[in-house]
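Please look over the chain below with an eye to its sheets, its cores and a few single residues. A short report follows the display.

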Amino acid sequence: MGDAQMEEGDNPREIEVAPALIAVHPAQRSVAVAVGSDLRVYDLTGDSPVSLVDDSAKPFHSDSIRAIRYGASGKLLVSAGDDKLVKIWSTDSWLCIGSVCCEKRVSSVAVSNDGLFVCFADKFGVVWVVSLKENVENQALPDKKAAPILAHYCSIITSLEFSPDGRFIVSADRDYKIRVTVVPKNPLDGAHEIQTFCLGHSEYVSCLDFIHSPDYPHGLLVSGSGDSTVRLWDVTSGSLLDTCEIGAKAELSVTDGLEEEPCHAVTDLCTCSNGTSIALAVQSLKGIMLLNCNPSAKTLSIAKVVLIEGETLIPTSLGTSLSEGLLWMVTGISKLQGFNHSSLARVRAVSLPEDNGRDAESVLLRDDEIPGGQKLLERLQGSVSIGNDVFLAAAEALKTAMRSLLIKKQYSAGKREFRKRTRNDRKLKN
């Protein structure tokens, strides 16, 4: 899930809080973690930490990173966030080949399937596009300006996805909407044809992904939400195919130490390498939930919950590769107040079976069993060992911040006028 910065005028303590994010190379050649403004990458092929190179800026980001994403081919990694910068990295040289300025803070990113366009959304609901057609491998791009491609009316966009056939770009927002837009021949001219809307969630839509199916070249869309449901959609018609209520199952699995009325919002989801399994991160759940999708029957069902025993790990982000049966997860937060750890993360991995039936075993790997082992953990986490009390506090702080971010506030007319007069997100000069 790509998360957006809160609007000006809100509690500054909440503004600083951002979840740790994880992204996995499509062939699992590298793993990237973002915590606050820090982007950390580990090269699994060379079994070594990656040294990123960016001649335009150091540090690479000056504020919290809200989205990281590999392209479908794995040749590109994109990072973006609250500093209004979108960074495009070559995964061969780990050189920043492009840096694009945005007028507003960035909440989500996506890379077209052919790798020729990068799209990113800002907190005011505008999706922008940058062309990479002139990209020469491992060389910096000429200065790029982003062009608006589509917009949601003044609503934070939480997730962007291209359909498997590249025909559609799907965008979700905090106003419960999912928009399916036809990708034009030249995206720089704007996308003016709306295919459909997928409507049915009763709270913010937090995350999107696609189930790949030979019967559906455009894929079946899966969405997660603050309403504790995961829904399956036909993106050509906007038809709701199935709804999976996960709240009751999560309630049974929540451990002690959290609030009396736990929240079961779906914070992230990703489809797994077997093509029909969906992994969920759920607020208050110390582990992950696995769903099964039956593309032929167009149904969703809960397969199992994989609890993480012995530590307080409530995942904030999930990632997987297309070729390996590992699900990667991270929990963490930036700028946690009251503790010595300003930006902390914990990375774990689960080995998933090809058949995700109820009797199939999912194995939580020990630290020494994770590819890269201790070297990877030291690079991605910054520290191998952090106390459970810190992560418990982080989970509570993050939940409060996400509620403030994604649940719309009601303001009086007087306060709305005051916020307009005192806003500090002036447009960049051309």
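The model is predicted.

V230, in β19, is the bridge partner of G224.

The other sheet has the order β21-β22-β23-β24. It is open, has four strands and pairs in antiparallel fashion. β21 and β24 are its edge strands, and each pairs on one side only. From one strand to the next, the twist averages 25°. Five bridges link β21 to β22, an antiparallel pair. T271 has I278, in β22, as its bridge partner.

In general, strands of a sheet pair through backbone hydrogen bonds, either parallel or antiparallel.

**The cores**

Which residues touch the most other members of the largest nonpolar core? They are V230, I246, I278, L280, M289 and L291, out of 21 residues in that core. Seven elements are listed as giving two or more residues to this core: β17 (205-213), β18 (216-225), β19 (229-234), β21 (266-271), β22 (277-282), β23 (287-294) and β24 (299-307).

L280 shows the packing in detail. Leaving aside residues up to four places away in sequence, L280 touches V230, I246, V266, D268, L269, I288, M289, L291 and L318. Another core lies apart from the largest one. That other core has 19 residues, among them V31, V347, L365 and I370.

**Cysteines**

How many disulfides does the count give? The count is zero. A disulfide needs two cysteine sulfur atoms within 2.5 Å. The table sets out two cysteines against that cut-off.

| Cysteine | Cysteine with nearest sulfur | Sulfur distance |
|---|---|---|
| C102 | C101 | 8.9 Å |
| C270 | C272 | 5.2 Å |

**Two buried polar residues**

Q381 sits in helix α3 (residues 373-381). Its relative accessible area is 2%, so Q381 is buried. The side chains of Q381 and R346 make a polar contact of 3.0 Å. Beyond four places in sequence, Q381 touches R40, A345, R346 and V347. V347 is also one of the 19 residues of the other core.

S112 lies in the loop between β9 (106-111) and β10 (117-122). S112 has a relative accessible area of 6%, so it is buried too. Its side chain has a polar contact of 2.7 Å with the side chain of D114. Residues up to four places away set aside, S112 touches F117 and F162. The chain also brings S112 and F168 into view as a pair: they are 56 residues apart along the chain, and their C-alpha atoms are separated by 9.9 Å.

Notes:
Residues are numbered from 1 along each chain as its sequence is written. This is a predicted model: local features need pLDDT of at least 70, side-chain atom pairs count only at pLDDT 80 or more; totals for chains, interfaces and linings use all residues. Side-chain values use heavy atoms; hydrogens and water are left out. A nonpolar core is a set of buried Ala, Val, Leu, Ile, Met, Phe, Trp, Tyr and Cys residues joined through side-chain atoms within 4.5 Å. Buried means under 20% relative accessible area, exposed over 50%, partly exposed in between (1.4 Å probe, protein chains only). Contact means heavy atoms within 4.5 Å. Two strands pair if DSSP finds at least two bridges between them. A polar contact is a pair of N or O atoms within 3.5 Å; within protein, one must be able to donate a hydrogen and the other to accept it, and residues adjacent in sequence count only if both atoms are side-chain atoms. Axes are lines fitted to C-alpha atoms, for helices over the stretch in contact, and angles run from 0 to 180 degrees between N-to-C directions.
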